[in-house]
Amino acid sequence: MNRKALIFLFLIIVAREAALSQSVIMGKVLCKKQPIPGASITLKDTYDGTTSDSSGNFKFITSEKGEHLLVITAVGYKMSEQKVTISNQPIELGIELKEEVTELNAVTITAGTFEAGDKKRAAVLNSIDVATTAGSNADISAALKTLPGTQQVGEQEGLFVRGGAGYETKQFIDGNLVNNPYFTSVPDIASRGRFSPFLFKGTVFSTGGYSALYGQALSSVLLLESIDLPEKSEIDATISPLVVGLGTQQLAKNKKSSYGINYSYVNVGLYFSLIKQTPDYFKMPQFHNGDANFRIKTKNGGMIKYYTTFAFGDLGLRRPDIDSDYLKDAFSLKNNNWYNNLTYKENLGKGWKMNLGASFSTNLDKIQQQVQDKTNLPKQFPSSQFWMNSKNFSFHNLQNLSLGRAVIEKSLGGLSAIRFGGEYWYSDYRPKFNDTLYMQIDNYTAAFAEGSIYLSKNLAAQVGARFEHSSIINRSDIAPRISLAYKAGKRSQLSVAYGIFYQKPESQQLYVPSMLGFTKAIHYVLDYQRIYNQRTLRVEAYYKKYEDLIKQMPVSYNYYDYNNAGSGYAKGIDLFFRDKKTIKDFDYWISYSYIDTKREYLNYPVPLQPSFVANHTASIVTKKFFTDLKAGFNATYSWASGRPYYNILPDANNKFYIADQGKTIDYNSLSFSAEWVPSVGNTKAKSFLVLFATVSNLLGSNQVYGYNYSYNGFIKSPIMPPAKRFYFVGLFLSWGVDRSQDAINNNL
Amino acid sequence: MKKYLIFLFAAIVLHTLAFSQSEKYEGAMKTNLALFDSAKTVEDFTKLANTFERIGEAEKTQWLPYYYAALALSTAGWMPALADKDANADRTNALCDKADAAAVTDADKAEILAIRNMAATQQMLVDPQTRFMSYGIAAGQDLQKALKLDPNNPRLYYLQGASLFGTPVQYGGGKDKAKPVFEKALELYKQQNPKELYPGWGQKQTEEMLAQCQ
């Protein structure tokens with residue numbers, strides 16, 4: 001045999017022998033000195049490896065030789081690769097893994113925010129929650145009033161958050177400001193929000209310390225994120241003594257686009273004839289509402305969404321005039337509102353994302369008030385009775401808002417990202433009081449940048465700033481915002497937030513030429529949150545300082561000068577506990593807030609607790625679904641301590657003084673609602689039916705929101721809801737087929 | 001002659017190597033598949049998943065090691081001791097992605113979808129009320145897709161039956177609805193004749209479930 005061939009054969013044998021001798025590789029897998037059990041240790045491209053034990057130790061035998069790569073992986077940690085040279089010597093390794101920061105395990109910046117949605121993270125409140133909260137009547141703001149930090153204000157619409165007035169909370173849909181989120185109200189009666197909770201897949205309700213991406217809200221922002229494509233095509237109908245509606249939602253076959261159109265008509269005539277209302281409605285409130293939308297999914301996973309809604313409302317009511325025992329004030333309101341929102345979200349690749357938005361809204365209120373005599377005929381007064389004369393007025397308020405917004409996001413790896421952008425709001429207000437037209441044009445521009453930095457999965461910081469300029473007051477400001485969040489344990493976390501918030505003066509404060517600037521609030525928020533096994537506990541303490549609030553100075557009757565000399569503070573604690581787990585199919589939450597606040601603003605001559613603030617508020621919301629009855633029953637109890645009220649009048653020197661003050665009785669409300677869903681779970685059902693009934697303030701507790709005073713201050717009359725209880729019965733129907741089960745059934 | 005000898009040796013060596021490779025693969029798979037029966041705790045199944053993943057990473061072209069790694073994880077996913085169902089499901093789905101990339105036939109892809117169905121179901125069960133619309137529907141769609149690919153896979157009917165069994169009667173589930181599906185599964189189990197190393201699990205479970213439906 002050839003010698004070379006022999007040597008070759010010999011070498012192969014030697015090599016195989018050498019390969020058969022085995023070496024030991026062992027070590028310990030750690031992360032920050034903590035052992036990691038269950039980590040997978042692999043000698044790359046071989047079968048050899050093992051799993052670390054409960055103390056992070058591992059040991060395995062390999063017959064491989066030479067240079068190899070050892071790969072260590074564990075759930076929640078970044079993969080680690082280590083070069084090893086295997087000879088016959090045992091190898092001992094210390095392996096340090098780095099945590100992987102993911103949305104699931106990472107700390108979240110929660111100071112000041114209630115986040116809700118269908119994301120993996122435990123949601124606080126979603127659209128079903130809103131609809132099934134007794135007393136909310138499917139109104140988003142009403143349901144949010146069961147969360148801590150909000151006031152039970154029933155005489156005005158809006159969210160009164162942590163000592164802030166209703167207009168200090170702003171609403172945004174997909175990032176765009178909504179100028180008129182509520183139906184226009186009549187004095188002393190709160191109105192509903194314009195938007196159904198089912199339009200939105202996510203809600204972020206910030207009760208303070210919110211992000212630099214938003215501005216012009218001194219207290220709070222409500223961020224509504226509209227739904228993407230619907231699950232299926234369907235036709236919906238609503239039938240109730242108060243409202244009838246019809247709509248459809250059509251999803252394209254390729255599931256890439258959809259459109260929808262809805263119309264509803266509200267007429268409370270029948271209801272008001274059955275349930276007596278305190279005011280005398282000479283024109284029964286009626287509303288036409290229409291909306292339409294389209295949504296298109298783009299190639300790169302982006303989304304274009306358009307939503308428009310049109311509303312027309314008409315009503316008129318008479319109430320006794322407080323300065324007379326026979327006269328009446330007749331108030332009538334016609335409202336037209338058209339809202340448009342267009343957004344375009346796109347992935348630009350390489351971690352870049354773009355969010356563009358545009359919105360146009362126009363709102364016209366035609367308000368007329370007339371003092372009428374016993375026979376409902378208009379009554380005129382001599383000029384000496386100016387306080388009566390001033391009650392005869394007409395007010396046409398036209399408000400147009402056009403805006404554009406762009407936000408660019410760049411991912412910095414993991415969850416860290418920077419976001420920056422700008423927005424421009426062009427507001428054109430034309431309030432016309434009697435025959436005087438006030439033109440108010442404002443060009444508001446803002447530029448903002450914010451970085452969310454995850455230093456580890458346990459520590460995150462969000463740092464941002466916002467530059468704003470308003471042309472109508474010709475002022476600019478820079479508002480810094482900082483939040484930090486620290487994960488104190490697997491289930492609990494601590495957050496802090498600090499920020500400066502500016503808001504331009506309200507429209508009516510800008511009627512007279514004055515040198516007003518932005519009002520200002522500084523927020524400090526400390527938050528502790530524990531989420532475990534569908535139970536959420538949240539405790540939040542805050543301190544807010546107000547500067548440059550608007551103060552009124554009397555000029556003549558009902559005419560004022562304004563300046564920025566106001567100030568104030570608010571401090572308090574909010575508690576929230578929700579438990580979906582302890583009792584099967586039973587969900588409840590409890591909230592309690594304590595607040596101490598004083599403001600010297602508007603006509604308050606000294607620092608006073610605002611009349612919309614109760615020191616203590618609490619709510620208990622319960623929901624129970626009985627699967628065998630296919631019905632759910634919900635109850636909500638809300639309580640608030642009495643609120644202060646004042647009669648503030650100008651004295652002879654044209655200075656305000658407190659002519660009278662007091663405190664209202666406590667607020668109590670117990671509400672019930674029930675829904676019956678006979679087709680629940682029936683996947684073959686082609687129609688879906690929900691029968692819904694609710695009663696608010698079942699016990700008929702007296703609710704006093706404050707007092708109105710006569711001109712001379714001798715007579716005061718309580719502000720109360722137009723009826724003690726509110727009832728609603730409705731039938732919601734939808735027709736649409738979910739074909740997900742068909743394939744299986746066909747195969748049986 | 002010299003050239004011929006070298007060629008011969010080379011042929012022998014190559015043959016040995018190739019043979020030993022497939023022998024090694026089959027051997028490792030068989031050894032670890034046997035461990036499925038004795039595995040009881042979350043740790044046991046994690047270990048098994050890690051081992052199968054290692055085999056998968058070394059082989060790269062075989063879908064079965066990834067499949068069994070995913071199966072081990074989803075088996076652990078049913079256990080109350082496994083706390084983070086979402087993280088477990090994420091890893092299961094990542095393994096399914098790799099298995100899917102290596103799988104060729106529709107029948108193999110249907111087996112992988114069965115695992116995805118279990119992962120989604122486990123995520124849904126964390127909070128059924130809130131998650132049904134996302135994970136519940138995803139789980140249903142996985143089964144639907146799988147049945148289109150392989151309408152004769154008994155495991156798909158077993159999973160469908162189990163899902164019906166766990167759904168309250170009022171929601172269109174219950175024993176009566178589940179029973180015919182389990183019967184169909186059992187019928188298919190009796191006909192099935194899986195290739196070596198191929199999945200065949202589920203018959204015993206189906207029989208147990210069927211007994212509970214009586």
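Trainee: How far apart do the C-alpha centres of domain 1 and domain 2 of chain A lie?

Mentor: This is a predicted model, in which local features need pLDDT of at least 70, side-chain atom pairs count only at pLDDT 80 or more, and totals for chains, interfaces and linings use all residues. Residues are numbered from 1 along each chain as its sequence is written, while chains are lettered from A and ligands numbered from 1 in the order in which they are written. Chain A is divided into domain 1 (3-96) and domain 2 (113-746), with bounds from an automatic or database domain assignment. The distance between the C-alpha centres of these two domains is 61 Å.

Trainee: Is A:Ile408 buried, partly exposed or exposed?

Mentor: A:Ile408 lies in strand E21 (residues 393-411) of chain A; strands (E, at least two residues) and helices (H or I, at least four) are DSSP runs, numbered from the N terminus. A residue is buried if 20 or more other C-beta atoms, placed from the backbone, lie within 10 Å of its own, exposed if 12 or fewer, and partly exposed in between. A:Ile408 has 16 other C-beta atoms within 10 Å, so it is partly exposed.

Trainee: Which pattern does chain B follow along the sequence?

Mentor: Chain B has 9 helices and 0 strands. Its C-alpha atoms fill a box of roughly 85 × 35 × 30 Å, taken along the principal axes. Read along the sequence, the pattern of chain B is α-α-α-α-α-α-α-α-α.

Trainee: Against which helices of chain B do the buried residues of H4(B) pack?

Mentor: Helix H4 (residues 85-102) of chain B reaches 26 Å from its first C-alpha to its last. Its buried residues include B:Leu95 and B:Cys96. By contacts (C-beta atoms, placed from the backbone, within 7 Å), the buried residues of H4(B) pack against H2 (42-59), H3 (64-77) and H5.

Trainee: How many of the 19 residues of H5(B) are buried?

Mentor: Helix H5 spans residues 106-124 of chain B and reaches 26 Å from its first C-alpha to its last. H5(B) is mostly covered, and its number of buried residues is 16.

Trainee: What is the handedness of the crossing of H7(B) and H8(B)?

Mentor: H7 (residues 154-166) and H8 (residues 175-191) of chain B pack at an angle of about 165°, with their axes 8 Å apart. That angle makes H7(B) roughly antiparallel to H8(B), the term for angles over 145 degrees. A crossing is left-handed if the near helix is turned anticlockwise from the far one by less than a right angle, and right-handed if clockwise. The crossing of H7(B) and H8(B) is left-handed.

How values were computed
Expected span 1.5 Å × (residues − 1). Axes fitted to C-alpha atoms, helices over the stretch in contact; angles between N-to-C directions. Parallel < 35°, antiparallel > 145°, perpendicular 65-115°, else oblique. Contact = placed C-beta atoms within 7 Å.
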